[in-house]
Amino acid sequence: MMTTLTVIKADVGSIGGHVAPSRNLLDTISRHVARGMDDLISDFYVAHTGDDIAILMVHDKGVGHEEIHRLAWEAFKAGTATAQEQGLYGAGQDLLVDSFSGNVKGAGPAVAEMEFQPRANEPFLMFLADKTEPGAYNLPLYLAFADPMNTGGLLLSPEITKGFRFRVMDVSYTHGDRVIELATPEDLYNLAALLRDNDRFVVESIFSRHDGEQAAAVSTTRLHNIAGKYTGKDDPVMLVRVQKNFPATGEILAPYAIAHYVGGFMRGSHVGPLMPVKHGTGCSYFDGPPIVSGWGFCVKNGRLTEPVDLFDHPFWDAVRSRAADKAMEMRRQGFSGPAMLPYSELEYGGIVRILEKLEPRFTIRAAKKEAKETELVPA
Ligand code: F6R
Ligand code: MG
Ligand code: MG
């Protein structure tokens with residue numbers, strides 16, 4: 001029997017600023033999703049990272065199924081009512097349309113889904129990130145699925161030496177889904193050329209070239225493309241199947257030891273290191289730093305095991321402390337250069353207005369004497 005995993009996440013309110021949702025809010029959402037256990041879903045799990053709540057659902061309805069999406073949408077609506085009652089900050093913030101029209105894609109919440117024929121044992125990982133953008137997963141996915149310096153399995157395991165097929169989306173294109181497929185190892189440099197630009201090119205999914213099976217699904221929502229203006233960072237979710245014909249769990253996790261710099265720190269407008277954190281971690285320093293949390297599950301006959309916390313291990317304490325150093329180092333330079341995102345990615349239009357106001361105050365000094373023609377000819 002085919003199984004579908006659907007994770008849908010939204011920020012519908014949090015305590016103390018953009019820090020963490022309330023217990024009440026999480027309970028409301030869990031209670032609402034539980035109603036789907038009668039006839040729609042076979043299991044679910046509600047988690048949060050920073051100010052975002054994710055609903056993981058197991059079912060057999062396939063990807064993009066209206067009733068599954070409606071269940072999550074209505075749970076977030078119910079959560080919004082609780083957030084309003086409690087006076088939480090940003091109540092309902094990621095629900096960008098008034099009424100549900102069949103799919104949460106393009107309506108604000110982030111979604112990642114995969115349908116597959118489960119193996120005899122089916123381990124998979126769920127990642128939730130806050131204060132960052134979908135492209136934050138580009139580098140970890142590139143390293144885990146395409147680089148033998150990270151993933152020894154690319155040399156050692158016959159199932160994965162054939163490489164992977166990456167589907168990459170141009171998220172700046174707003175008239176539809178503009179995608180390209182690249183196969184590694186042949187397209188390695190082409191892939192790197194796209195994935196260096198986290199704001200624009202985002203890995204949407206990855207497939208095994210051994211058996212065509214889907215390995216990963218990433219949410220690619222750009223909230224400012226939907227709302228026409230910035231309404232919060234996109235805080236992406238991701239599902240990854242692991243082991244055997246896919247990289248091992250440890251190979252998927254290893255790149256997070258870099259704590260690479262990503263966009264989304266403070267007001268969605270700064271650059272900070274992606275810190276791997278334990279479950280239930282909120283945000284703090286400079287409304288960040290950008291965080292990622294990891295959940296390991298197995299799924300069988302439509303039921304989930306309890307999760308394991310992938311970043312709850314002494315090893316990651318050392319990484320967290322390095323990430324804190326990297327965050328403070330970048331913060332020392334304030335607004336300067338790479339510390340702040342380019343105009344197109346800034347959360348607020350304030351800088352553009354400042355520049356517009358300054359425009360008439362610029363003067364152009366007397367033009368230099370025209371260079372003689374001979375001086376323009378190269379020697
Ligand atoms: C992402 C996040 C930030 C906020 C940003 C806006 O989870 O929380 O990107 O959207 O800090 O803050 P306000 O709402 O105060 O403008
Ligand atoms: Mg937020
Ligand atoms: Mg968030």
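Of the 12 residues around ligand 1 in this predicted model, those that come nearest are H18, Y89, D235, E347 and Y348, a residue being counted as near when one of its heavy atoms lies within 4 Å of the molecule. By class, this shell comprises seven charged, three polar and two nonpolar residues, where Asp, Glu, Lys and Arg count as charged, Ala, Val, Leu, Ile, Met, Phe, Trp, Tyr, Cys and Pro as nonpolar, and the others, Gly among them, as polar. An oxygen atom of ligand 1 lies 2.8 Å from a side-chain N or O atom of H18, and a distance of 2.8 Å is likewise found for the side chain of Y89, while for the side chain of D51 the distance is 3.0 Å. The protein covers 85% of the 410 Å² of accessible area that ligand 1 has on its own, as computed by the Shrake-Rupley method with a 1.4 Å probe.

Helix α3 (residues 138-146) is largely enclosed by the rest of the structure, because eight of its nine residues are buried, namely N138, P140, L141, Y142, L143, A144, F145 and A146. Buried here denotes under 20% relative accessible area, exposed over 50%, and partly exposed in between (1.4 Å probe, protein chains only); helices are DSSP runs (H or I) of at least four residues, numbered from the N terminus.

Among the cysteines, C283 is buried, with a relative accessible area of 7%, whereas C298 is partly exposed at 32%. A search of the whole structure finds zero disulfides, defined as pairs of cysteine sulfur atoms within 2.5 Å.

Residues are numbered from 1 along each chain as its sequence is written, and chains are lettered from A and ligands numbered from 1 in the order in which they are written. As the model is predicted, local features need pLDDT of at least 70 and side-chain atom pairs count only at pLDDT 80 or more, whereas totals for chains, interfaces and linings use all residues, and side-chain values use heavy atoms, with hydrogens and water left out.

Terms used: A polar contact is a pair of N or O atoms within 3.5 Å; within protein, one must be able to donate a hydrogen and the other to accept it, and residues adjacent in sequence count only if both atoms are side-chain atoms. Helices (H or I, at least four residues) and strands (E, at least two) are DSSP runs, numbered from the N terminus.
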